[in-house]
Amino acid sequence: MSFLARTPVIWTSFLLMLAIGVGFGLCRPMVGGAFLDMTSDPEMSRTIIATMSDAQRTAHAWVTVLLDTAYPLAYGGFLGGVALRFFGKFGTYAALPALGVVIIDLTENLVQVLALAGWVDALDAKTWLTPLKFGLFFLAAGVAVIGLVIGVVGLLRQRRA
């Protein structure tokens, strides 16, 4: 995991995260405007799928498989890398929320692809997957912000010395 803490890896993960975020914006019209991973309500997700054309469901599945698989790897690498880099011997523990959110986000993606392929009963798992994903994401982001503050303070102290 020390690979993630390297400066070039952190920057690359950050830039990939931003680029993939732009990609989602560009793909939004192809999927009918609504991404399934923004709601935890299975009924709302079923309604979104029911209102999609076949082309929109196919596009959404591909966006999920390609972009939304790469996205958690990118933001997880960034958030986890920052935690590993700046929390010293506690870095592994500080990176656990980032690892957790990647696993949960990828699991949610699987559920969504199954639902887009016709297994809409799989969407019931979104009741707990989506809130857990967002909770772990915000926890990992908070840890990363604290890590960045630690890094900036350390840099300022080093320059004073």
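This is a predicted model: local features need pLDDT of at least 70, side-chain atom pairs count only at pLDDT 80 or more; totals for chains, interfaces and linings use all residues.
## Overall make-up

The protein has six helices and zero strands. Read from the N terminus, its elements follow the order α-α-α-α-α-α. The C-alpha trace spans about 65 × 30 × 20 Å along its principal axes.

## Helices H1 and H3

Helix H1 covers residues 7-27, and helix H3 covers residues 54-86. The axes of H1 and H3 come within 8 Å and cross at roughly 150°. Angles over 145 degrees count as roughly antiparallel, and H1 and H3 are therefore roughly antiparallel to each other. The crossing of H1 past H3 is left-handed.

On the H1 side, the contact is made by Thr 7, Ile 10, Ser 13, Phe 14, Leu 16, Met 17, Ile 20, Gly 21, Gly 23, Phe 24 and Cys 27. The residues from H3 include Val 63, Leu 67, Asp 68, Tyr 71, Tyr 75, Phe 78, Val 82 and Arg 85. Sorted by class, this contact of H1 with H3 holds 15 nonpolar, six polar and two charged residues.

## Helices H5 and H6

Helix H5 consists of residues 96-116, and helix H6 of residues 126-160. The axes of H5 and H6 come within 8 Å, with a crossing angle of roughly 150°. H5 and H6 are therefore roughly antiparallel to each other. H5 passes H6 in a left-handed crossing.

In H5, the residues that meet H6 include Pro 97, Val 101, Ile 104, Asp 105, Glu 108 and Val 111. Their partners in H6 include Lys 126, Leu 129, Leu 132, Lys 133, Leu 136 and Phe 137. The contact of H5 with H6 has eleven nonpolar, four polar and four charged residues.

## Helices H3 and H6

H3 and H6 have axes 8 Å apart and pack at an angle of about 40°. That angle makes H3 oblique to H6. H3 passes H6 in a left-handed crossing.

From H3, the residues in this contact are Tyr 75, Leu 79, Val 82, Ala 83 and Phe 86. They meet Phe 137, Ala 140, Ala 141, Val 143, Ala 144, Gly 147, Leu 148, Ile 150 and Gly 151 in H6. By class, the contact of H3 with H6 has twelve nonpolar, two polar and no charged residues.

## The largest pocket

The largest pocket has a volume of about 270 Å³. Its lining consists of Phe 24, Arg 28, Phe 35, Asp 37, Met 38, Asp 68, Tyr 71, Tyr 75, Asp 105, Lys 133, Phe 134 and Phe 137. Helices H3 and H6 each supply at least two residues of this lining. By class, the lining has seven nonpolar, no polar and five charged residues.

Phe 24 lines the largest pocket and belongs to the contact of H1 with H3. Asp 105 and Lys 133 line the largest pocket and are part of the contact between H5 and H6.

## The second largest pocket

The second largest pocket has a volume of about 200 Å³. Thr 7, Ile 10, Trp 11, Phe 14, Phe 78, Val 82, Arg 85, Phe 86 and Leu 148 form its lining. The elements that give two or more residues to this lining are H1 and H3. The lining divides into seven nonpolar, one polar and one charged residues.

Phe 86 and Leu 148 line the second largest pocket and are part of the contact between H3 and H6.

Notes. Residues are numbered from 1 along each chain as its sequence is written. Side-chain values use heavy atoms; hydrogens and water are left out. On a 1 Å grid over the protein atoms alone, a cavity is a set of points where a 1.4 Å probe fits but cannot get out, and a pocket is an open set with protein on both sides within 12 Å along at least five of seven lines; lining residues have an atom within 4 Å of a point. Grid points are joined across faces, edges and corners, and a volume is the space filled by probe spheres set on the points. Helices (H or I, at least four residues) and strands (E, at least two) are DSSP runs, numbered from the N terminus. Ala, Val, Leu, Ile, Met, Phe, Trp, Tyr, Cys and Pro count as nonpolar, Asp, Glu, Lys and Arg as charged, and the others, Gly among them, as polar. Axes are lines fitted to C-alpha atoms, for helices over the stretch in contact, and angles run from 0 to 180 degrees between N-to-C directions. Angles under 35 degrees count as roughly parallel, over 145 as roughly antiparallel, 65 to 115 as roughly perpendicular and the rest as oblique. A crossing is left-handed if the near helix is turned anticlockwise from the far one by less than a right angle, and right-handed if clockwise. Contact means heavy atoms within 4.5 Å.
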